Amino acid sequence: RNREVHDAIRRRGQSHGVDYPVAKRERLILARKAPQVQPKLAAEIVAFVPKLRGEDLFKLPGVAESIDWAAALMHLNQTELSPGAIR
């Protein structure tokens with residue numbers, strides 16, 4: 001069963017006070033959706049993404065973006081969230 005939430009529903013949920021998952025929950029989601037991501041990298045991403053969500057960005061990164069970023073970093077052979085990897 002697909003539990004992905006469409007962007008339109010997510011935006012609607014955010015306007016009604018549905019918040020991002022807590023770090024522990026987001027780590028579990030990341031581990032399930034991107035099992036190839038090393039635990040250290042996953043923890044660093046989950047710790048960093050809330051900082052991005054606090055910025056004045058056009059679209060704040062959701063959990064889907066965390067998953068995509070983690071997978072991309074793994075494809076680039078990144079094992080940690082260094083300043084170069086963030087850029």
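**Figure 1. Packing of helix 2 against helix 4 in the predicted model.** In this predicted model, helix 2, which covers residues 23-33, packs with helix 4 at an angle of about 50 degrees, and the axes of the two helices lie 10 Å apart. An angle of that value makes helix 2 oblique to helix 4, and the crossing of the pair is right-handed. On the side of helix 2, the residues that meet the partner are Glu26, Ile29, Leu30 and Lys33, whereas helix 4 brings Val63, Ser66, Ile67 and Ala70 to the contact.

**Figure 2. Packing of helix 2 against helix 3.** Helix 2 also packs with helix 3, here at an angle of about 125 degrees and with the axes 10 Å apart. Helix 2 is therefore oblique to helix 3, and the crossing of these two helices is right-handed. Ala23, Glu26, Arg27 and Leu30 of helix 2 make the contact together with Ala42, Ala43, Val46 and Arg53 of helix 3.

**Figure 3. The largest nonpolar core of the protein.** This core holds 16 residues, and those that touch the most other members are Leu30, Val37, Leu41, Ile45, Leu73 and Leu81. Helix 3, spanning residues 39-53, and helix 4, spanning residues 63-75, each supply at least two residues of the core. The greatest contribution comes from helix 3, which gives six residues.

**Figure 4. Surroundings of isoleucine 45.** Once its neighbours within four places in sequence are set aside, isoleucine 45 is in contact with Ser66, Trp69, Ala70, Leu73 and Leu81.

Figure 5. Of the 87 residues in the protein, 26% are buried. Among contacts between residues at least 6 apart in sequence, 61% join residues at least 24 apart. The accessible surface comes to about 6,500 Å², and carbon and sulfur atoms account for 55% of that area.

Methods:
Residues are numbered from 1 along each chain as its sequence is written. This is a predicted model: local features need pLDDT of at least 70, side-chain atom pairs count only at pLDDT 80 or more; totals for chains, interfaces and linings use all residues. Side-chain values use heavy atoms; hydrogens and water are left out. A nonpolar core is a set of buried Ala, Val, Leu, Ile, Met, Phe, Trp, Tyr and Cys residues joined through side-chain atoms within 4.5 Å. Buried means under 20% relative accessible area, exposed over 50%, partly exposed in between (1.4 Å probe, protein chains only). Helices (H or I, at least four residues) and strands (E, at least two) are DSSP runs, numbered from the N terminus. Contact means heavy atoms within 4.5 Å. Accessible areas come from the Shrake-Rupley method with a 1.4 Å probe; for residues, only the protein chains shown count as cover. Axes are lines fitted to C-alpha atoms, for helices over the stretch in contact, and angles run from 0 to 180 degrees between N-to-C directions. Angles under 35 degrees count as roughly parallel, over 145 as roughly antiparallel, 65 to 115 as roughly perpendicular and the rest as oblique. A crossing is left-handed if the near helix is turned anticlockwise from the far one by less than a right angle, and right-handed if clockwise.
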